[in-house]
Amino acid sequence: MTKEIICTVCPTGCRITVEGEGTQITSITGNGCKRGIRYATDEFILPKRILTCSVKLEGADRGMLPVRSAHPVPFDKVFDCMKVIKATTVSAPVAVGDVIVGDILGLGVDMVSAMSIEKAGE
Amino acid sequence: MKQQNCDVLIVGAGPAGLSAACAAKDAGASRVIVLERDKRPGGILQQCIHPGFGLKYFGEELTGPEYAERFIVQAKEKGVEFMMGTMAIDFRENVCVAVNGDGVHAITFGAAVLAMGCRERTRANLVIPGSRPAGIYTAGSAQRLINIYGRNVGKKVVILGSGDIGMIMARRMSLEGAKVEAVVELMPYLAGLTRNRVQCLDDFGIPLLLSHTITEIRGVDRVEGVTVAPVDENKCPIADQAFDIECDTVLLSVGLIPENELSKKAGVALSGITKGANVDSFMQTETPGIFACGNVLHVNDLVDNVSRESELAGRNAALYAAGKLEMKDTLKVVASDGIRYVCPQTARCGQKDVKLFFRVTAPMGVTELTATCNGVQLARRKIQRGNPGEMEFLLIPEVPAAGEIIVTATEK
C-alpha cells in the first residue's frame with residue numbers, strides 16, 4: 001500500500017510517500033529531515049489526533065466548556081469519543097486540566113478541561 | 001465622568017493585550033490598566049478550542065483557552081488591573097474615554113497600547129448575489145455559536161474561503177455530525193496553514209475546490225443550496241461550468257480586517273495594505289506614546305508571534321511612560337520583490353535584534369529571503385516553501401544608522 005502524506009511538523013510541509021503493509025514499512029521518501037520519518041511512520045501505522053470539542057456546562061455564565069484529549073487519540077476512534085463527550089454534562093466551578101472523562105473508551109487518554117471557569121455570579 | 005490615571009493603558013484583553021500588559025509590568029510600569037469589552041479576558045482565544053497554539057512559545061501544543069489562561073494568570077499575578085465589560089470609545093490626546101456599567105470613565109495614560117484585534121469580512125463586503133435566507137454565517141460567528149452557546153448551526157455545509165477559520169470550522173462541524181460538502185477557494189492556492197488543510201480537510205475527506213467561487217446562494221427562509229463555478233485567470237466565474245451543491249448552511253472565511261475605528265479616533269496613521277497602523281520597530285505608531293500589536297496591527301497566523309510582538313509593544317510603552325524610551329532616527333523598511341508588506345514599516349537606528357515580519361506575494365518553492373541596506377546584507381534565510389498564508393520573518397542583528405532596509409523574496 002502507498003500513502004501520500006503531507007508532514008505537519010514544520011511549515012515546510014514536505015510531501016512524503018510511504019510504502020508498506022499494516023505495521024511493516026518498506027520505504028519512506030520525500031522527507032526533508034529526520035523528524036519527517038517519525039511523523040510519516042506514525043501517520044502510516046496509526047494516525048492520531050488531539051481531539052477538542054465542548055461539553056455542556058451548568059452553573060456558569062458560559063454554556064459550554066472547552067475540553068481536549070490530554071494526548072492524541074487514534075483518529076479512527078474520534079467519532080466514538082464524540083458520542084461519549086456529547087452525553088456528558090459538567091458543573092462549574094472547573095479548573096483547567098480537570099479530568100472530565102477519564103480514560104475515554106479505554107484508550108488510556110483523559111479528556112480534560114481547557115479552561116478554568118468559576119460559578120456564575122462569582 | 002470618573003477620572004483615573006495610569007502609566008500604561010491597554011485596549012483589549014486578548015492575547016496581544018495580555019502579553020503587552022505582562023511586559024509593561026515587567027518593564028517597571030506602576031499602574032497598568034487593560035480595558036476589555038467582553039466579560040472575561042482571553043479575546044478570540046476563548047472560542048478557539050482547537051489545538052495548535054503555543055508550539056513555538058511554550059514548546060507545547062495547547063488549545064486557545066489554555067494558551068490564554070497562561071497569560072491571564074500571569075497578568076493577574078503581576079498586578080495588571082482589568083476593567084471588563086468596558087468599551088473604549090475615544091482618545092483625546094493622552095486620555096482614553098471608556099464606558100461600562102458604572103458610567104463614563106476618562107483614563108489619563110502615560111502610554112497606550114492598541115490591541116483590539118480584528119473582525120471578519122462579511123457577505124455584504126463580498127456582494128454575493130441571492131436572497132437572504134437564514135444559515136449564512138461568518139466562520140467565526142458559527143464558531144462562537146457552537147463553542148460558547150452550544151448551538152447547532154447547520155447540517156449540510158459549504159464553506160467559502162480556505163482561511164484557517166474556515167478549515168477549523170470544517171473540522172468542528174464534521175465532529176458535531178454535520179456534512180461539510182466542500183471548501184471553495186477563489187485563489188489557486190490555500191489561504192491558510194498547510195497543517196490545517198491536512199488535519200481539517202484531508203482527515204475528513206472534505207474536497208478543497210481551488211480557483212472556484214460561489215456565484216449564488218439560493219433559499220427563501222433557509223439556505224437550500226449554492227451555485228459554484230470555476231474562475232479564470234482574472235478571477236471571473238466561468239458560467240457554463242457552474243454546478244449546484246445542495247446545502248443548508250454557508251460559512252464565510254474570506255478575510256480578517258483589523259478593527260481600527262478607535263485608532264482613527266486617536267489620529268493614528270494606518271497602512272493601506274495591512275489595514276493596521278504604521279509602526280516602528282518599537283511597535284510605536286506614528287503618534288508618539290501610542291503603540292499597537294497583534295491582529296489590530298496586522299493579521300497574524302500564529303498567536304505565538306503575537307505574544308512576542310506584543311511583549312515588545314508593552315515593554316516600550318512602559319519605557320515611554322517613564323520617559324526612558326530613547327527615540328533615535330528611523331529608517332524606512334521597503335517591501336520589495338516578492339514581498340506584499342513588512343511590519344514594522346520603519347526601524348529605529350541602532351536597535352538590536354529587530355524582527356521584520358512579512359508575507360510573500362504568491363506561493364513559491366525554494367525561496368531566498370533577504371534584508372539589505374545600502375547594498376550590505378543584514379539578514380538572509382532560505383525557506384523550502386513560501387506561502388502568502390504563512391507569515392515569515394527575518395532577524396536584523398542591528399539597524400544601521402542610515403539608508404533604507406529592502407526586503408525581498410526570490411524564488412530559486
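Analyst: Happy to; below we go through a few labels for this predicted model.

User: Why is B:D337 called exposed?

Analyst: Exposed means over 50% relative accessible area. B:D337 has 54% relative accessibility, so the residue counts as exposed.

User: Where is B:D337, and what does B:D337 touch?

Analyst: B:D337 lies in the loop between β20 (330-335) and β21 (339-343) of chain B. Leaving out residues up to four places away in sequence, B:D337 touches B:V407, B:T408 and B:A409.

User: What makes the pairing of α1(B) with α2(B) a contact, and which residues make the contact?

Analyst: Contact means heavy atoms within 4.5 Å. Here B:L18, B:S19 and B:C22 of α1(B) meet B:A68, B:F71, B:I72, B:Q74 and B:A75 of α2(B). By class, six of these residues are nonpolar, two are polar and none is charged. The two helices, residues 15-26 and 64-77 of chain B, pack at about 35° with axes 9 Å apart.

User: How do you know which crossing α1(B) and α2(B) form?

Analyst: A crossing is left-handed if the near helix is turned anticlockwise from the far one by less than a right angle. α1(B) passes α2(B) in a left-handed crossing.

User: Which residues touch the most other members of the largest nonpolar core?

Analyst: They are B:V8, B:I10, B:L35, B:F91 and B:V113, in a core of 65 residues. Among the residues B:I10 touches are B:G17, B:V32 and B:L35. A second, separate core has 46 residues, including A:A60 and B:V153.

Note on methods
Residues are numbered from 1 along each chain as its sequence is written. Chains are lettered from A and ligands numbered from 1 in the order in which they are written. This is a predicted model: local features need pLDDT of at least 70, side-chain atom pairs count only at pLDDT 80 or more; totals for chains, interfaces and linings use all residues. Side-chain values use heavy atoms; hydrogens and water are left out. Axes are lines fitted to C-alpha atoms, for helices over the stretch in contact, and angles run from 0 to 180 degrees between N-to-C directions. Helices (H or I, at least four residues) and strands (E, at least two) are DSSP runs, numbered from the N terminus. Ala, Val, Leu, Ile, Met, Phe, Trp, Tyr, Cys and Pro count as nonpolar, Asp, Glu, Lys and Arg as charged, and the others, Gly among them, as polar. A nonpolar core is a set of buried Ala, Val, Leu, Ile, Met, Phe, Trp, Tyr and Cys residues joined through side-chain atoms within 4.5 Å. Buried means under 20% relative accessible area, exposed over 50%, partly exposed in between (1.4 Å probe, protein chains only).
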